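Keep the picture open while you read.

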Amino acid sequence: MPIAIAVTSADLVLPPTDQHTPSAHVLTPPERQDFPAALAEISELLSGHGHLIVLYPTTTPLPYVQRLHAVRAMLESDRVALLPSALPPLGTAVLVRQLRQLSACDFTPGVLGASARLLAHYIYAGALLGSGTRLDRVPVTLPATNGTRQPGGQCAVLAGPTPQLVRADGDVSLAGPQFATTLTYAPGALDSAWVTRRLAGQWQVQALHPVHLPAESAAWWATAKLVEFAAAIPDVSLLYQMVSSMRQEACHWCGLTLIGDRCAFCSAPVVSQERAPRAIGTSRRRALAPGAG
């Protein structure tokens with residue numbers, strides 16, 4: 001049974017690119033569900049899958065995030081990972097799709113949960129905007145033209161891995177991936193030709209996947225005149241190789257195997273060998289871990 005992946009919005013569940021990718025569960029928002037029903041919803045997912053990874057945007061309303069943490073605390077379960085994503089809406093949806101692909105592999109819950117931070121660094125997420133004058137979520141400045149900063153004209157913005165902003169009609173292009181990707185794009189109130197022709201050609205993408213624009217995209221990019229895009233590795237075998245090549249360690253708090261520097265389930269940082277507690281101390285910490293018998 002694949003590890004359960006859950007999201008806070010249906011827009012984060014993109015169509016699969018193959019026949020083997022499981023779907024993701026869309027959690028019911030607080031305004032449509034009372035707290036006991038929320039507990040029952042998460043409990044059912046845990047009963048059917050053993051572990052649950054919830055990915056949500058950092059722009060998710062605070063009451064929703066607080067209820068997720070409250071449900072986890074009430075269940076006294078360290079089998080629920082709550083992972084915020086700072087990627088733009090479509091980039092977050094692409095990350096969710098990659099986690100869905102990997103959830104069908106033989107990764108342990110701790111490794112799969114920790115892989116979200118790794119995979120996010122390899123997603124080139126951005127947008128073509130009618131104007132970049134109101135953009136405040138990406139730390140970039142409007143390029144100068146003839147010595148002045150002109151507010152008009154379309155701009156292309158890259159939110160990650162490295163923020164960048166260029167004029168769509170200029171000679172400077174967005175820094176693209178140096179590995180094989182496919183480009184998922186979502187047209188808003190702009191023509192998508194610049195993305196599907198110029199950008200796709202510059203980045204040498206292998207395929208194009210049009211999808212509906214997420215409902216949060218206009219607010220995230222501060223304009224409805226946009227085409228959002230995200231280039232990412234589509235091949236699950238390459239994703240598997242990337243994650244499995246990382247060094248694996250045991251979490252000193254909950255005991256799950258993980259990659260990276262922090263456990264996705266209990267948030268405990270990795271302890272270096274020099275500072276690792278003795279066996280008796282480790283046993284005591286695990287005994288005191290949330291949800292421990």
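Helices (H or I, at least four residues) and strands (E, at least two) are DSSP runs, numbered from the N terminus.

A quick word on what you're looking at: this is a predicted model, where local features need pLDDT of at least 70, side-chain atom pairs count only at pLDDT 80 or more, and totals for chains, interfaces and linings use all residues. Residues are numbered from 1 along each chain as its sequence is written, and side-chain values use heavy atoms, with hydrogens and water left out.

**The sheet around β5**

On the β10 side, 6 bridges join β5 (residues 124-129) to β10 (residues 226-232), and these strands run antiparallel. Ala127 has Glu228 as its bridge partner in β10, while Ala125 stands opposite Ala230.

How many of the residues of β5 are buried? The count is 6 of 6, so β5 is mostly covered; buried means under 20% relative accessible area, exposed over 50%, and partly exposed in between, using a 1.4 Å probe and protein chains only. Tyr124, Gly126 and Leu128 point one way from β5, and Ala125, Ala127 and Leu129 point the other way. In a regular strand, side chains alternate between the two faces of the sheet.

Now zoom out. The open sheet has 6 strands in the order β7-β6-β5-β10-β8-β9, with mixed pairing. β7 (164-167) and β9 (208-210) are at the edges with a single partner strand each, so one side of each has no neighbour in the sheet. On average, neighbouring strands are turned by 20 degrees against each other, direction ignored. Helix α3 (residues 89-103) packs on this sheet and touches β5, β8 (182-187) and β10, and its direction makes about 30 degrees with that of β10. Contact means heavy atoms within 4.5 Å.

**Two helix pairs**

Two packed helices are described by the angle between their axes and the distance between the axes. The axes are lines fitted to C-alpha atoms, for helices over the stretch in contact, and angles run from 0 to 180 degrees between N-to-C directions.

| Helix pair | Axes come within | Crossing angle |
|---|---|---|
| α1 (residues 35-49) and α2 (residues 62-75) | 10 Å | roughly 65 degrees |
| α3 and α4 (residues 109-120) | 10 Å | roughly 140 degrees |

That makes α1 roughly perpendicular to α2, whereas α3 is oblique to α4. Angles under 35 degrees count as roughly parallel, over 145 as roughly antiparallel, 65 to 115 as roughly perpendicular and the rest as oblique.

The α1 side of its contact with α2 includes Phe35, Leu39 and Ile42, and the α2 side includes Arg67, Val71 and Met74. By class, this contact has 9 nonpolar, 1 polar and 1 charged. In the other pair, Leu95, Gln98, Leu99, Leu102 and Ser103 of α3 meet Leu112, Ser115, Ala116, Leu119 and Ala120 of α4. That contact has 7 nonpolar, 3 polar and no charged residues. Ala, Val, Leu, Ile, Met, Phe, Trp, Tyr, Cys and Pro count as nonpolar, Asp, Glu, Lys and Arg as charged, and the others, Gly among them, as polar.

**The whole protein**

Altogether, the protein has 8 helices and 12 strands. Of its 293 residues, 47% are buried.

Note on methods
Two strands pair if DSSP finds at least two bridges between them.
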